[in-house]
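Dear colleague,

Please find below the sequence and the structure that I am handing over to you. A summary of the findings follows.

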Amino acid sequence: MRSIRQIVYVDDTKDKIGLLVRMRVPWLIVGLIGGTLASFLVSRFESILTQNISLAFFLPLIVYMSDAVGTQTETIFVRNLAKSKANFLLYSLKEIFIGAALGIIFGIIIWLIAYLWIRSVELASTVGLAMLINVSIAPVIAIIVPEIIFKERADPALGAGPFTTIVQDIISIVIYFTVASIVLFH
């Protein structure tokens, strides 16, 4: 007979500090490794940055907005998982549309900001398009990771945040510099 493994949820109000640290550290180490990989990844785009240093101005914003949209989605999804109210397919479809709407909104806003600041249509288009793509896909990534963690019988509240953040950061960096390569250096 197969044993069913239960999800171990931590209780920050009752569990000892040592246990809470031990439960969090592995996920944060994954984030540290991923952050190091993201830094290395940015260095691989040094020639693009050298050709247009203004790209560096917007990198933190692109990464932040992708993370913020993803974190918002993930928090709501994990709460719904805990309440057993999340139908993954329906939730995914809804988040695809929400992500697209947010991507369009923030892509246009950052296009305007970049254009007014730098006065370059190409740079504004790079930043706007990268924002549109990244914000559009962030909700999908933000529900896939906790769903996988939940299906593996681990607490998605512990692992989803650090792991989803680093996955989204790496994707955001790759998309940003890919769009820059296409738009600015075609």
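**Findings: cavity, helix packing and aromatic pairs**

Helices α3 and α6 each contribute at least two residues to the lining of the largest cavity. Helices here are DSSP runs (H or I, at least four residues), strands likewise (E, at least two), and both are numbered from the N terminus. The model is a predicted one: local features need pLDDT of at least 70 and side-chain atom pairs count only at pLDDT 80 or more, while totals for chains, interfaces and linings use all residues. Residues are numbered from 1 along each chain as its sequence is written, and side-chain values use heavy atoms, with hydrogens and water left out.

The protein has six helices and zero strands, in the sequence pattern α-α-α-α-α-α. Its C-alpha trace spans about 65 × 35 × 35 Å along the principal axes.

Regarding the cavity, the structure holds one of 30 Å³ or more. A cavity is a set of points, on a 1 Å grid over the protein atoms alone, where a 1.4 Å probe fits but cannot get out; lining residues have an atom within 4 Å of a point. Grid points are joined across faces, edges and corners, and a volume is the space filled by probe spheres set on the points.

Axes are lines fitted to C-alpha atoms, for helices over the stretch in contact, and angles run from 0 to 180 degrees between N-to-C directions. The contact of α3 with α6 has 15 nonpolar, six polar and three charged residues.

Helix α5 (residues 121–151) packs against α6 at about 155°, with the axes 8 Å apart. These two helices are therefore roughly antiparallel (angles over 145 degrees). Their contact divides into 24 nonpolar, seven polar and one charged residue. α3 and α4 (residues 88–118) also pack at about 155°, but with axes 11 Å apart, and their crossing is right-handed.

Finally, there are seven aromatic pairs, counted where rings of Phe, Tyr and Trp (its six-membered ring) have centres within 6.5 Å; planes under 30 degrees apart are stacked, over 60 edge-to-face and the rest tilted. The ring centres of F45 and F177 lie 4.5 Å apart with the planes at 15°, so this pair is stacked. Because F45 lies in the loop between α1 (17–43) and α2 (46–51) and F177 in helix α6, the pair ties together parts that are 132 residues apart in sequence.

With kind regards

Key. Nonpolar A, V, L, I, M, F, W, Y, C, P; charged D, E, K, R; others polar. 1 Å grid on protein atoms, 1.4 Å probe; cavity = no way out; pocket = protein on both sides within 12 Å on 5 of 7 lines; lining within 4 Å. Parallel < 35°, antiparallel > 145°, perpendicular 65-115°, else oblique. Left-handed = near helix turned anticlockwise from the far one by under 90°.
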